[in-house]
Amino acid sequence: STARIYRIASIPGDGIGREVIDAGLQVLRTVSELSNGEIAFEVTEFPWSSHYYLEHGHYVPEGGLEQLAEHDAIYFGAVGGPEVPDHVSLWGLRLAITQPFDQWANIRPVSFLPGVSSPLRKADTTELEWVVVRENSEGEYAGFGGRNLSGRGPGNEVAVQTSLHTEKGCERIIRFAFDLARTRPVTKVSSVTKSNAQQYGMVLWDEVFTRVAKDYPDVETESVLVDAMSAKFVLHPEQLSVVVASNLHADILSDLGSALAGSLGIAASANLNPDRRYPSMFEPVHGSAPDIVGQGIANPIGAVASAALMLEHLGEPAAARAVLAAIDATTGAGILPKDLGGVATTAQVTEALVSALREDQ
Ligand code: NAI
Ligand code: MG
């Protein structure tokens, strides 16, 4: 049979990005090896990082997006270095890809892994698993605003940061959440806003949610304010299935979710362009973790689980399931990195994932 060949653009970026992307690529090579020649990956690495920025004055060079566009998917580590302000690196690399490639849906599953203890007592006795759907193109990250708008002088500076919510932007992410809910065992969508305080954008979101919900009478719905939802994540997580929220709210809630599941180091994410006009981008939720870089202890599970999301998006669901099963087998066997309370190094966890894949054959 002829191989299905996927062209992957890898951007390890900064800090532990390199360490965890290397682990993920090792897992993908194993997937390919075990596929009897059916699945192949052509990986091209792009060196765009904060180091590269300091040398060249930009993250993405001219023509860089065109090069990325020739790939089936982008595999991204993290960006953020000590010598570059965080808003420069985030806008220079990550948002410089998600925005032009219209990756408007950011999917962040929260899985509770076997063998990993959660700070939630409930997790010991309750099946918990949900997915945060983050609006990824507008909202609080629209980039509208300015500083010192009328030259008010020292001590009087003002800054405005405006959120943008469009009816179309709300509708597409909310519909995406409902469609996703229909594929899950619990068909429920929880919509999160702060429409009591933010009476324009968030009220528009609420209205669109109510309207779209009518097209999905089989899906249970609830609308919850973000502060109440953060309490619900801790107190009643068993009531969650799909949680859809704005760019900022979903970013915060998904970190909370992954911390409840044991660590930021296991959290995966997909930045999807559901229209498939552009490649989608897959990345662990965590950042560059400068405090542990180079120590060989970065948890590769978030990056590997992101590779599973990539396989799913590329139309390889069996391979995706095999990778997730390898993660479960590894943590279930007690092979845990430091952030999960264990002693395994990045290399040892990766080796265990690869062995679990081979044994699953
Ligand atoms: P961070 O996620 O890099 O680290 C937070 C804490 O979690 C640290 O103590 C770190 O050691 C730990 N941690 C994170 N990932 C881990 C892993 N895989 N294994 C073990 N421990 C892990 O967030 P922080 O410290 O707020 O930001 C550091 C830099 O990363 C900043 O420059 C920030 O802007 C950037 N950042 C980039 C993101 C991206 O590229 N998508 C996302 C979040 C932060
Ligand atoms: Mg974040």
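Which residue just after helix 8 takes a positive phi? Select G262: its phi is about 130 degrees.

**Before you start.** This is a predicted model, in which local features need pLDDT of at least 70, side-chain atom pairs count only at pLDDT 80 or more, and totals for chains, interfaces and linings use all residues. Residues are numbered from 1 along each chain as its sequence is written, while chains are lettered from A and ligands numbered from 1 in the order in which they are written. Helices (H or I, at least four residues) and strands (E, at least two) are DSSP runs, numbered from the N terminus.

**Stop 1: helix 8.** Select residues 247-260. This helix has 14 residues and reaches 20 Å from first C-alpha to last. That is close to the 20 Å expected at 1.5 Å a residue (1.5 Å times one less than the number of residues).

Now colour N247, H249, A250, L253, S254, G257 and S258, which are buried. Buried means 20 or more other C-beta atoms within 10 Å of a residue's own, exposed means 12 or fewer, and partly exposed lies in between; C-beta atoms are placed from the backbone. Look down the axis of helix 8: the buried residues fall within an arc of 155 degrees, so they line one face. The arc is taken over the directions from the helix axis to the C-beta atoms.

Next, show what covers those buried residues. The cover includes strand 4 (105-111), strand 5 (129-135), strand 6 (139-147), strand 8 (188-193), helix 7 (226-235) and strand 10 (242-245). Contact here means C-beta atoms within 7 Å.

**Stop 2: ligand 1.** Its shell holds 22 residues, each with its C-beta atom within 6 Å of the ligand. G80, G265, H286, G287 and N299 come nearest. Helix 4 (residues 86-98) gives the most to this shell, with three residues. The shell divides into 10 nonpolar, seven polar and five charged residues. Ala, Val, Leu, Ile, Met, Phe, Trp, Tyr, Cys and Pro count as nonpolar, Asp, Glu, Lys and Arg as charged, and the others, Gly among them, as polar.

**Stop 3: two loops.** Most residues other than glycine have a negative phi. Select N36, in the loop between helix 1 (17-33) and strand 2 (39-45). Its phi is positive, near 55 degrees. N36 is exposed, with 10 other C-beta atoms within 10 Å.

Move to D102, between helix 4 and strand 4. D102 is not a glycine, yet has a positive phi of about 50 degrees. D102 is partly exposed, with 16 other C-beta atoms within 10 Å.

How values were computed:
Contact = placed C-beta atoms within 7 Å.
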